[in-house]
Amino acid sequence: MAMAAALRREGRRLAQPINALQSSLISQDQAPHGARSISTQVVRNRMKSVKNIQKITKAMKMVAASKLRAVQTRAENSRGLWQPFTALLGDNPSADVKKSVVVTISSDKGLCGGINSTSVKISRVLHKLNSGPDKETKYVILGEKAKAQLVRDSKKNIELSLTELQKHPLNYTQVSVLADDILKNVEYDALRIVFNKFHSIVSFLPTVSTILSPEVIEREAESGGKLGELDSYEIEGGETKSEILQNLAEFQFSCVMYNAVLENACSEQGARMSAMDSSSRNAGEMLDRLTLTYNRTRQASITTELIEIISGASALSG
């Protein structure tokens with residue numbers, strides 16, 4: 001946060017465009033004495049600001065790279081948790097349900113490209129597709145950035161909002177408690193989890209995972225819907241199929257949530273690395289242009305002073 005604040009503070013000092021800076025370099029015969037030295041000082045100040053911004057963006061890139069390495073391994077390992085449940089219960093996003101809950105996962109901090117805007121756009125599309133006279137769709141938001149965008153036009157549809165998930169490294173126990181709180185506070189027929197799946201530092205895939213309630217799973221099974229491999233297993237013991245489905249659905253939701261949070265964290269750090277690298281390159285290009293402008297201004301000032309000295313000496317000798 002301190003780095004981001006410093007970056008914004010330095011950015012405000014660069015609000016005037018470079019073109020305005022070049023137009024401020026007025027000629028000697030149109031300006032009073034000392035005007036060129038003032039313009040040179042302005043360029044030096046801006047060069048200093050750009051150098052400070054470049055230092056900040058490079059430092060933020062290194063911090064993001066360090067965080068990415070720490071969370072990437074856990075994200076890859078977590079993929080083995082939800083995949084068996086998807087094979088068992090299926091992932092049916094086209095299931096016709098009355099009560100849908102869109103779980104939008106985003107970051108708490110910015111400066112990470114468009115990953116949060118992408119998640120919000122998909123969440124709005126899902127809300128629109130699953131809303132109607134006999135249908136109800138609510139939001140559950142994880143992350144400050146998605147909350148800030150969705151609260152503008154969908155405040156009444158936000159059922160639950162949680163922030164600062166990435167303040168401390170998350171483990172499965174914490175996410176399972178979080179998933180249990182969501183299940184206790186919302187009524188649903190389908191949970192649609194929106195997150196960014198990590199592929200590489202420069203690539204992430206917006207993803208939607210659908211978790212159906214046990215009642216909908218049984219209804220879809222009776223109507224011949226494709227639900228995975230559950231019907232190929234025999235149920236033994238005292239528990240009924242409904243009780244087993246209830247336990248499996250809850251466990252599936254916590255596993256998918258755990259993987260989604262980690263995948264989105266990887267995507268966030270990768271996008272931040274890419275954004276800070278681009279910012280560092282842009283700052284370098286701006287610094288080159290400012291250096292060229294400064295050298296030209298200083299050279300013109302020196303040339304003018306030499307011309308004045310030579311003209312004065314010629315006048316005295318004549």
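Two strands count as paired here if DSSP finds at least two bridges between them.

First, some ground rules. This is a predicted model, where local features need pLDDT of at least 70 and side-chain atom pairs count only at pLDDT 80 or more, while totals for chains, interfaces and linings use all residues. Residues are numbered from 1 along each chain as its sequence is written, and side-chain values use heavy atoms, with hydrogens and water left out.

**The overall layout**

The chain has 8 helices and 5 strands. Starting at the N terminus, the elements follow the order α-α-α-β-α-β-α-β-α-β-β-α-α. Of the 318 residues, 42% are buried; buried means under 20% relative accessible area, exposed means over 50%, and partly exposed is in between (1.4 Å probe, protein chains only).

Among contacts with a separation of 6 or more, 77% are between residues 24 or more positions apart.

**The sheet and the helices on it**

The 5 strands form an open sheet with mixed pairing, in the order β3-β2-β1-β4-β5. At its edges sit β3 (158-162) and β5 (203-212), each of which pairs on one side only. On average, neighbouring strands are turned by 20° against each other, direction ignored. Angles like this run from 0 to 180 degrees between N-to-C directions, using axes that are lines fitted to C-alpha atoms, for helices over the stretch in contact.

Look at β1 (residues 99-105) and β2 (residues 136-142): they pair in the parallel sense over 7 bridges. Within that pairing, S100 has T137 of β2 as its bridge partner.

Helix α4 (residues 115-129) packs on the sheet, where it touches β1, β2, β4 (190-200) and β5, and its direction makes about 150° with that of β4. Helix α8 also lies across β1, β2, β4 and β5, but runs at about 35° to β4.

**Salt bridges**

Side chains of opposite charge can pair when their charged atoms come close. The cut-off used here is a side-chain nitrogen of Lys or Arg within 4 Å of a carboxyl oxygen of Asp or Glu. The whole structure holds 9 such salt bridges, and here are three of them.

| Pair | N to O distance |
|---|---|
| D277 and K61 | 2.9 Å |
| R79 and E263 | 2.6 Å |
| R124 and D153 | 3.4 Å |

Take D277 and K61, which form a salt bridge. D277 is in helix α8 and K61 is in helix α3 (residues 35-89), so this pair ties together parts 216 residues apart in sequence. D277 counts as partly exposed, at 24% relative accessibility, and K61 also counts as partly exposed, at 28%.

R79 and E263 meet in a salt bridge too, and this pair links helix α3 (R79) to helix α8 (E263) across 184 residues. R79 is partly exposed at 22% relative accessibility, whereas E263 is buried at 0%.

R124 and D153 also join their side chains in a salt bridge. With R124 in helix α4 and D153 in helix α5 (residues 144-153), the pair ties together parts 29 residues apart in sequence. R124 is partly exposed at 32% relative accessibility, while D153 is exposed at 51%. Elsewhere, salt bridges that share partners join K61, D277 and R281 into one network.

I302, L306, I309 and I310 make a nonpolar surface patch of about 400 Å². Patches are made of residues with over 30% relative accessible area and no salt bridge, joining like charges within 9 Å and nonpolar side chains (Val, Leu, Ile, Met, Phe, Trp, Tyr) within 5 Å. I309 lies in helix α8 (residues 241-317) and counts as exposed at 57% relative accessibility.

Now for the loops. L111, in the loop between β1 and α4, has a positive phi of about 60° although it is not a glycine. L111 is partly exposed, at 37% relative accessibility. E164 lies in the loop between β3 and α6 (172-185), and its phi is near 60°, a positive value in a residue other than glycine.

Methods. Areas by Shrake-Rupley, 256 points an atom, 1.4 Å probe, with all protein chains shown as cover. Helix = DSSP H or I, 4+ residues; strand = E, 2+ residues; numbered from the N terminus. Contact = heavy atoms within 4.5 Å.
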